[in-house]
Amino acid sequence: MISANIPNSVRKAIYKRDGYRCALCDSNRGLQIHHVMKRSQGGSNSPHNLITLCMYCHNTIHGTRFPDCPDYMTPVELHEACIEYLADFYAPDWYPWEEGEP
Ligand SMILES: [Zn+2]
Ligand SMILES: [Zn+2]
């Protein structure tokens with residue numbers, strides 16, 4: 001899902017935090033912001049839940065692969081790698097969900 005509801009200021013902060021590169025493969029091709037926890041699963045629009053991905057990783061994590069996508073990770077592995085990246089970054093207080101959720 002394209003995350004059209006993220007304010008531009010937050011978007012910029014995420015790109016900056018991740019060094020204007022894909023957090024998973026270091027590519028800078030077609031950078032996009034991904035919600036690690038889906039909005040439908042209570043994921044927030046906070047930086048704790050947002051990560052910079054290149055178009056290849058982003059499409060792969062959503063189950064669509066480009067023909068020339070290096071297929072070294074499955075969507076599940078990519079998802080877990082996102083969680084690891086953010087949990088490490090914000091440790092020990094990583095909280096990607098909306099405030100007030102259990
Ligand atoms: Zn990537
Ligand atoms: Zn996404």
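Trainee: Why does Asp26 count as exposed?

Mentor: Asp26 has 10 C-beta neighbours inside 10 Å. A residue is exposed if 12 or fewer other C-beta atoms, placed from the backbone, lie within 10 Å of its own, buried if 20 or more do, and partly exposed in between. Asp26 therefore counts as exposed. This is a predicted model, in which local features need pLDDT of at least 70, side-chain atom pairs count only at pLDDT 80 or more, and totals for chains, interfaces and linings use all residues. Residues are numbered from 1 along each chain as its sequence is written, while chains are lettered from A and ligands numbered from 1 in the order in which they are written.

Trainee: What is the phi of Asp26?

Mentor: Near 70°, a positive value in a residue other than glycine. Most residues other than glycine have a negative phi. Asp26 sits in the loop between helix 1 and strand 1; helices (H or I, at least four residues) and strands (E, at least two) are DSSP runs, numbered from the N terminus.

Trainee: How do you know that the span of helix 3 agrees with its 16 residues?

Mentor: The expected span is 1.5 Å times one less than the number of residues. For helix 3, residues 75–90, that should be 22 Å, and the end C-alpha atoms are 23 Å apart, which agrees.

Trainee: Why do the buried residues of helix 3 line one face?

Mentor: Seen down the axis, they fall within an arc of 65°, so they line one face of the helix. The arc is that of the directions from the helix axis to the C-beta atoms. Leu78, Cys82 and Leu86 are buried in helix 3.
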